[in-house]
Amino acid sequence: MQHQFLRILALSFIVLVVLQSILGGALFIVLAGWNPHTIGLYYSEKSFRGLLEILTPHVLFISIALMGTLHFLGFISTISEKKKEFLIHLLFGLFVIDQSAPIFIVLGLKLFATIKLVAFIAFESALVFALIVIFRESLRDFSLHH
Amino acid sequence: MVIFLLGALVLNGIAKGIDFGMTPVMWINTILGNEAEFIEPLLLSDLLLSLHTDLFGLILIFILMTALLIRTSRAKGFKITVLLLGVITLLFYGIGLITSLWIGRVGVIFSWGGFYLFHLLMIGIALDIFILLIRKKF
């Protein structure tokens, strides 16, 4: 019975993380735009305090969201441990690049606007991949195991 | 943890009441604006920001509360109903607020209902878990 609840909880978690990611993406586009030039302009106008105001909640929430997602991924037996390890490093690595890029933009390194955009898209794609793996497994059977 | 989550739910409900109002009409006026009362509609960026930051806390509360609920001695049907109701009301809140840009008042009313139903549901579950913990029937 615990497996069934874990399955529903995993599905609920996926739905909510997807909604939150779509909202985050939409907000990013509305505020900073799609191209490196507007992203560079948006962040270069920010003060250090403004950067911290964005960074702090993101570091907190994404750490928890990633821990939750990867925790569910850990239960899945259809992908190898190596692939799981790669996905964990990839997600956390891209997250660090994505979140630290604005600091370098403020310091005058405009190239980081492109890096930020690439890291953001790559991070969202990797997260979607991990969520699809969990979603597919959750629907297939109760093979999520402790 | 349950006491703190209860506090967070109540405070979040009050904060939203101050920001958007307590009734659907007040939400509609704040979000969509009201020409008769000279109230400007909420900017898209402000709407998205408010929803994005709100969902952050609410998802965490939902996951923590349901993770506790799963381990209680309550009936299976009850647990599944709470899980599904929690997700549906949270989705109503989020999707209702976004779609209010296209469908207007209906979206805001769905969002208002989702927000307060979610809070009432989670407060009820928190109290239930709290009583179970005190009675040592966890």
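Predicted model: local features only at pLDDT ≥ 70, side-chain atom pairs only at ≥ 80, totals over all residues.
Let's start at the interface. On the chain B side, 27 residues are in contact with 23 residues of chain A. Between them the two chains bury about 2,400 Å², and 86% of that area sits on carbon and sulfur atoms. Three residues stand out here: H52(B), F56(B) and I70(B) together supply 25% of the area that chain B buries against chain A, more than any other three residues.

What about charge pairing across that boundary? The rule finds 0 salt bridges between chain B and chain A. Of the helices, α3(B) gives the most, with 15 residues. Sort the residues on that side of chain B by type and you get 20 nonpolar, 4 polar and 3 charged.

For a look at the boundary from the other chain, go to S12(A), which is found in helix α1 of chain A. Leaving out residues up to four places away in sequence, S12(A) touches F62(B), L83(B) and V87(B). S12(A) has a relative accessible area of 4%, so it counts as buried, the cut-off being under 20%.

V17(A) is found in α1, which covers residues 2-32 of chain A. With a relative accessible area of 4%, V17(A) is buried as well. Its contacts lie within its own chain: setting aside neighbours within four places in sequence, V17(A) is in contact with L127(A) and L131(A).

Now for the salt bridges. Side chains of opposite charge can pair when their charged atoms come close. Over all chains, the count by this rule comes to 5 salt bridges, and three of them are worth a visit.

One is in chain A, where the side chains of E53(A) and R49(A) meet with an N to O distance of 3.5 Å. These two residues are 4 residues apart in helix α3 (residues 48-74) of chain A, so about one helical turn separates them. R49(A) counts as exposed, because its relative accessibility is 63% and the threshold is over 50%.

The side chains of K116(A) and D98(A) form a salt bridge at 2.9 Å, N to O. K116(A) lies in helix α5 (residues 111-140) and D98(A) in helix α4 (residues 81-106) of chain A, so this pair ties together parts that are 18 residues apart in sequence. Are the two partners buried or exposed? K116(A) is buried, at a relative accessible area of 4%, and D98(A) is buried too, at 3%.

Over in chain B, D128(B) and R74(B) meet in a salt bridge through their side chains, at 2.6 Å from N to O. This pair links distant parts of the chain: D128(B) is in helix α5 (residues 105-134), R74(B) is in the loop between α3 and α4, and the two are 54 residues apart. D128(B) is buried, with a relative accessible area of 15%, whereas R74(B) is partly exposed at 33%.

N12(B) is found in helix α1 (residues 2-20) of chain B. Not counting residues up to four places away in sequence, N12(B) touches D54(B), L58(B), F115(B) and H119(B). At 19% relative accessible area, N12(B) is classed as buried, because the limit is under 20%.

Notes: Residues numbered from 1 in each chain as written. Chains lettered and ligands numbered in written order. Heavy atoms only, no water. Contact = heavy atoms within 4.5 Å. Buried area = accessible area lost by both parts, 1.4 Å probe. Salt bridge = Lys/Arg side-chain N within 4 Å of Asp/Glu carboxyl O. Nonpolar A, V, L, I, M, F, W, Y, C, P; charged D, E, K, R; others polar. Buried < 20%, exposed > 50% of the residue type's maximum accessible area, 1.4 Å probe, protein only.
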